[in-house]
Amino acid sequence: MADTSAKRQLDSDKTGEPAQEVKRGKTDNENGREDGNESVQENVLSGFKTSSVLSDSAREKNIFIHGKVADQDAVVILEKTPIREDSLAELFSGSTLKLEMKNDIYSTYRLQAPPHLNEIKTTVVCPATEKHIKKYQRKESFLVEETEEDYKSVTLPYIQKQSFSVQWVYNILEKKAEAERIVYEDPDPDVGFVLLPDFKWDQKQVDDLYLIAIAHQRDIKSLRDLTSEHVPLLQNIFQKGKEAILQRYNLPASKLRVYLHYQPSYYHLHVHFTKLGYDAPGCGVERAHLIADVIQNLQSDPQYYKTRTLYFPLRADDGLLSKFKEAGRL
């Protein structure tokens with residue numbers, strides 16, 4: 001399926017030279033996420049052997065690599081960290097410049113920053129399964145049209161058969177992992193949730209703020225399961241999530257984008273909180289549904305998301321896409 005935060009998505013991390021902290025990704029049967037500690041670790045990538053580049057982006061300044069760590073398949077994600085405003089003075093005074101070109105008022109240089117200002121965020125998924133490898137490969141995407149009947153006859157059976165693991169989510173809810181990363185929690189079993197940073201955010205600046213609210217309720221897989229009885233839960237996440245972010249990061253609700261994904265990257269209700277203006281992965285209209293709209297739709301029609309035709313993108317190698325093709329729906 002598509003993803004993560006996390007996400008979760010964990011869709012972006014990095015490593016650099018000189019050797020620095022490397023976080024070892026856990027398997028789906030363990031946490032699926034890291035604890036976020038910043039202690040110096042053994043460089044598990046010193047013997048990494050590259051097999052192939054799965055995808056890269058000059059614009060996003062990241063690269064996804066498949067290879068081996070001690071004869072185990074691994075995916076390494078490298079991403080340049082953002083330049084922070086509070087580091088500019090040191091960046092200018094402590095760097096070296098090498099002139100590349102000068103023409104009238106224009107000049108370009110190659111700047112070598114101090115090592116601690118030239119980090120690469122690194123994520124290591126090891127051992128990586130074929131599913132992990134496919135997840136990060138650059139693939140063509142298709143927009144799928146899913147009716148109520150399609151969900152019942154194609155999507156839901158696929159989800160149930162695959163039995164996608166969300167044990168790492170339960171580990172968070174039960175404080176078995178990442179407890180120190182929790183920004184806010186409402187422990188109520190019906191409307192409660194935990195709020196914590198997505199791994200795509202390094203938490204060093206609010207310009208790319210990205211947090212995930214994970215509901216304590218465990219029987220809501222996705223948008224399709226929501227009815228009017230879940231409105232109090234969504235309202236609670238929306239309101240208290242905004243309040244927690246204002247208190248912790250001094251970012252008002254008017255600067256937040258709060259939404260759900262469909263299809264989600266994992267089948268346990270979670271809500272994305274990102275800074276408005278940050279082009280977060282999956283925030284496009286074909287996948288993101290603003291929580292304010294979701295609440296209003298359910299208030300107008302209690303069965304809105306059970307009956308509505310929904311559209312979402314799937315990659316060419318996604319198993320669900322194959323099921324839609326077999327059903328003659330694509």
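A residue counts as buried when its relative accessible area is under 20%, as exposed when that area is over 50%, and as partly exposed in between (1.4 Å probe, protein chains only). With that in hand, let's walk through the structure. It is a predicted model, in which local features need pLDDT of at least 70 and side-chain atom pairs count only at pLDDT 80 or more, while totals for chains, interfaces and linings use all residues. Residues are numbered from 1 along each chain as its sequence is written, and side-chain values use heavy atoms, leaving out hydrogens and water.

Start with aspartate 104, which sits in the loop between strand E5 (96–103) and strand E6 (106–112). Helices (H or I, at least four residues) and strands (E, at least two) are DSSP runs, numbered from the N terminus. Aspartate 104 counts as exposed because its relative accessibility is 62%. Its phi is near 55°, a positive value in a residue other than glycine. Glutamate 178, also not a glycine, has a positive phi of about 65°. You will find glutamate 178 in the loop between helix H4 (167–173) and strand E9 (184–186). At 2% relative accessibility, glutamate 178 is buried.

Why point these out? Most residues other than glycine have a negative phi, and most peptide bonds are trans. Now for the peptide bonds. Cysteine 126 and proline 127 are joined by a cis peptide bond, with omega about 0°. Proline 127 belongs to the loop between strand E7 (120–125) and helix H2 (130–136). Another cis peptide bond links tyrosine 262 to glutamine 263, with omega about -5°.

Glutamine 263 lies in the loop between E12 and E13, and tyrosine 267 is found in the loop between strand E12 (256–261) and strand E13 (270–275). Tyrosine 267 has a relative accessible area of 10%, so it is buried. Along the chain, tyrosine 267 and phenylalanine 164 are 103 residues apart, yet their C-alpha atoms are separated by 7.4 Å. Tyr158, Phe164 and Tyr267 form one aromatic cluster.

Rings of Phe, Tyr and Trp (its six-membered ring) pair if their centres lie within 6.5 Å; planes under 30 degrees apart count as stacked, over 60 as edge-to-face and the rest as tilted. By this rule there are nine aromatic pairs. One of them joins tyrosine 304 and tyrosine 305 edge-to-face, at 4.7 Å centre to centre and with 70° between the planes. Both tyrosine 304 and tyrosine 305 are buried.

Rings can also meet charges. A charge sits over a ring if NZ of Lys or CZ of Arg is within 6 Å of the ring centre and within 35 degrees of the ring normal. The charged end of lysine 200 sits over the ring of tyrosine 210, 4.6 Å from its centre. Arginine 218 lies over the face of tyrosine 170, 4.1 Å from the ring centre.

Let's finish with two helices. The axes of helix H3 (residues 148–162) and helix H8 (residues 319–326) come within 10 Å and cross at roughly 145°. These axes are lines fitted to C-alpha atoms over the stretch in contact, and angles run from 0 to 180 degrees between N-to-C directions. On the H3 side, the contact (heavy atoms within 4.5 Å) is made by Asp150, Val154, Thr155 and Tyr158, and on the H8 side by Gly319, Leu320, Lys323 and Phe324.
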